[in-house]
Amino acid sequence: MRMIRIASLSLLFLVIVAGSGIVGLIRASLPVEEGEITLPGLAVRGTVLGDELGVPSITADSRADALRILGYLHARDRLFQMELMRRKSAGRLAELFGAAAAQLDRKQRSYQLSRTAGIIVNDLPPEQRRALHAYVEGVNAYIEQARVLPPEFLVLQHQPEPWQAEDSILVVLGMFQTLNGQEQDERMFSVMEQALPSDLLTFLTPDTDSYATVLVGGPVSRRFNPTLPVAALAALPKAQSYAANDRVDAENVVAGSNNWVVSGIKMADGRAIVANDMHLGLSVPNVWYRAELAYQQQHLFGVTLPGVPGIVAGGNDDVAWGFTNVTADLVDLISLEVNPGQPDSYRTPQGWRKFDQHTETIEVKDAADIEITLQDTVWGPVSDSALLGRSVVIKWSALERHAVDLGLLDMDKVKTTQQAITAMNNTGGPPQNVVIADREGHIGWTYMGRFPKRIGFDGLASRSWADGHLAWQGYIPPEELPRLLDPPEGFIVTANNRTLGSEYPHVIGHNWALGYRAFRIAELLRDRQGLTEQDLLAIQLDNRSGVLDFYQQVALNALRDLENKDADLQDAEAALHAWDGRMQSGSIGAAFLAEFRNRLAQEVFAKVVAACRVYDPDFRYAWREMETPLRHLLIERPPGVLNTRYHDDWPQMVIDIMRQTSRALHQKYPEISLAQLTWGQTRSVSLQHPFSKSAPFLGNVLDMSPFEIDGCASVCVKVLDTAHGASERLVLSPAHPENAIFHMPGGQSGHPFSPHYRDQQRLWQKGIDAPLQSTAKPYHLSFLPH
């Protein structure tokens with residue numbers, strides 16, 4: 001249905017564009033980059049100088065005026081993207097796309113983000129609220145003044161509503177949901193807790209791995225059982241089918257990033273440098289928008305989020321900063337005790353209480369509207385999906401008072417690393433690792449955001465809060481958040497990995513990303529001196545995968561003494577010997593090892609998956625540190641784990657998985673032998689516009705050209721998968737911004753016919769040393785007070 005709908009719209013788009021009359025409309029809808037524009041609310045004339053890539057440098061009299069102009073430019077270049085983001089968060093996509101989007105809207109309505117956005121706006125400090133309203137005025141000025149809206153609005157025959165302050169917060173909440181708002185970790189763990197013995201559960205859900213790189217709190221983790229639970233594994237019922245049907249996610253791609261900071265003691269001239277590449281879903285246009293702002297002796301530059309005022313990551317003239325996702329546990333699913341005699345009531349510590357409920361209408365284009373009933377509790381909204389047969393409440397920090405604000409705006413006043421740490425600790429938003437450098441050569445790391453302070457439990461599994469023994473007691477105080485300043489090593493690295501030891505007094509998370517990326521970055525930095533921006537860019541592009549060394553050795557050991565190898569195994573052996581240890585497009589053997597590792601995981605954990613699917617037919621084992629139990633099992637090879645047909649013969653299982661891998665790749669690529677099959681031939685990256693995802697024939701107009709992958713999803717520093725990867729790369733010293741390097745996919749403009757729609761793609765794709773700031777600024781735009 002959705003494909004038919006979007007395809008018909010897209011066909012209409014092509015027909016319209018082909019018409020002679022529409023050429024003028026398309027031209028009229030292009031962003032204006034030169035001339036004069038009257039901007040209501042502007043106090044003093046402002047200017048925008050645009051460089052050859054369309055990156056604006058805004059000069060204004062005040063912060064409010066600068067953000068008012070930024071709002072105008074965001075709308076000029078990214079209005080349709082902003083429209084989709086606010087509607088997705090609010091659950092209003094069906095108004096544009098019809099019944100195909102109704103289910104997503106229904107899910108989003110259960111979070112009640114629109115209500116939360118209104119509360120957040122009212123709670124903002126006065127200065128932040130004034131800044132937000134100035135930005136909103138700029139967005140609406142463009143909407144009101146645009147002669148012709150961007151092509152997507154023409155296709156959908158849609159006139160956007162005026163932008164509201166709440167819409168900007170909805171965009172922030174959408175990013176919060178992408179980074180820290182998923183329920184699947186607690187759902188997965190709760191099912192495993194129900195299905196498995198406690199020792200096996202702990203073994204399968206560790207919080208550490210052999211690559212752990214801890215910053216504070218000591219070397220010991222909170223959750224690790226080095227003892228192999230042999231009896232518990234053997235006692236699991238035999239799986240009906242050992243084909244786990246991809247119910248084990250060995251890659252487990254995380255919305256995360258790499259960031260690190262290097263102090264002056266390791267640099268060529270004493271400068272400190274931040275390096276940051278933030279990993280998100282890749283699409284057209286890119287999630288970030290580049291900008292430079294100057295006002296009242298303040299100067300900031302970096303990336304902004306369309307729909308939101310201010311610089312997200314980048315720098316001012318004194319400090320630079322970059323982010324990675326903390327992968328914190330910010331969601332609890334509270335198991336409800338519903339009154340069996342009165343199902344409209346649930347138990348609380350104060351006794352039975354009726355659900356608060358109200359109805360909402362989902363408007364559906366070209367179809368009947370849908371009326372839904374939403375329920376609320378004293379703890380938060382009721383989820384639309386039960387867990388283990390019981391209704392659950394979504395207790396999510398993003399829905400709590402004061403969890404989100406616009407505190408990043410205050411980075412315009414920060415002068416030192418220590419001041420930046422304090423500012424970040426007091427800023428609300430999606431919790432992040434922040435690395436910081438200042439122009440004096442000092443470096444630091446801390447957390448940004450609010451973290452729930454749990455009482456009586458650790459947040460791993462769903463629990464009832466009805467007896468009053470479990471609760472959230474506000475947030476961890478800002479002064480108690482972890483931080484590190486000027487370590488003797490001269491660098492700090494984070495990559496969504498566990499950075500805290502058990503001596504840190506608060507539980508922040510459980511399901512950390514595999515530590516290899518942070519380990520590899522530290523390995524490349526540790527013994528280096530005289531580093532430059534180009535050296536740090538090279539680390540961002542590093543595609544070495546030490547993780548797969550282990551699996552190469554497992555396979556070669558099994559083959560070593562095997563006689564009479566068949567053709568499948570001979571091909572596999574050739575590919576294994578050909579591998580260069582990297583995940584670059586020309587690497588032979590990389591595709592075999594990636595598939596081999598995945599199939600091993602499916603086989604080794606098949607009994608676990610089968611036991612859990614008794615309680616949840618949709619169960620997936622997706623623990624991000626599963627590398628720890630997987631390697632332990634492959635090394636120790638205990639009885640009772642494998643399919644009975646192997647009779648506990650682990651070498652035979654490994655040989656069989658190699659054959660399966662070889663045959664699967666032969667079947668998929670019949671014209672290429674494994675000894676010649678490269679990583680890039682099996683993976684391509686395609687950055688798509690929302691329309692072309694359902695209408696591929698529009699790809700030549702709307703999408704970036706596909707290219708062979710150079711990087712991997714999770715086991716190398718250069719994260720790049722078919723539709724996931726570095727949404728930007730930044731290397732910046734606040735002392736020398738003229739030497740800063742920047743990449744992002746696509747371009748500044750979301751307009752398919754703008755020269756800035758794809759003019760940054762090549763730089764990002766090829767990893768070319770490109771400047772953050774350009775001295776050539778051929779476009780001049782003046783903004784005049786009304």
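Confidence in this predicted model averages a pLDDT of 95 over the protein, and 96% of the residues score at least 70. Residues 1-5 have a pLDDT below 50. Beyond near neighbours in sequence, this stretch makes seven contacts in the model.

The protein contains 24 helices and 27 strands. Its radius of gyration is 27 Å, close to the 28 Å given by the globule rule for 786 residues, so the protein is as compact as a globular protein of that length. Along the principal axes, the C-alpha atoms fill a box of roughly 80 × 70 × 60 Å. Of the 786 residues, 62% count as buried. Among the contacts with a separation of 6 or more, 73% are accounted for by residues 24 or more positions apart.

The packing of two helices was then examined. Two packed helices are described by the angle between their axes and by the distance between those axes. Helix 6, spanning residues 113-123, packs with helix 9, spanning residues 165-180, at an angle of about 115°. The axes of helix 6 and helix 9 lie 9 Å apart, and the crossing of these helices is right-handed. On the side of helix 6, the contact is made by Leu113, Ser114, Thr116, Ala117, Gly118, Ile120 and Val121. Helix 9 contributes Ala165, Glu166, Ile169, Leu170, Leu173 and Gln177 to this contact. Classified by residue type, the contact of helix 6 with helix 9 comprises eight nonpolar, four polar and one charged residues.

Methods: Residues are numbered from 1 along each chain as its sequence is written. This is a predicted model: local features need pLDDT of at least 70, side-chain atom pairs count only at pLDDT 80 or more; totals for chains, interfaces and linings use all residues. Side-chain values use heavy atoms; hydrogens and water are left out. pLDDT is the predictor's confidence in each residue, from 0 to 100. Contact means heavy atoms within 4.5 Å. Axes are lines fitted to C-alpha atoms, for helices over the stretch in contact, and angles run from 0 to 180 degrees between N-to-C directions. Helices (H or I, at least four residues) and strands (E, at least two) are DSSP runs, numbered from the N terminus. A crossing is left-handed if the near helix is turned anticlockwise from the far one by less than a right angle, and right-handed if clockwise. Ala, Val, Leu, Ile, Met, Phe, Trp, Tyr, Cys and Pro count as nonpolar, Asp, Glu, Lys and Arg as charged, and the others, Gly among them, as polar. The radius of gyration is taken over C-alpha atoms; the globule rule is 2.2 Å times the number of residues to the power 0.38. Buried means under 20% relative accessible area, exposed over 50%, partly exposed in between (1.4 Å probe, protein chains only).
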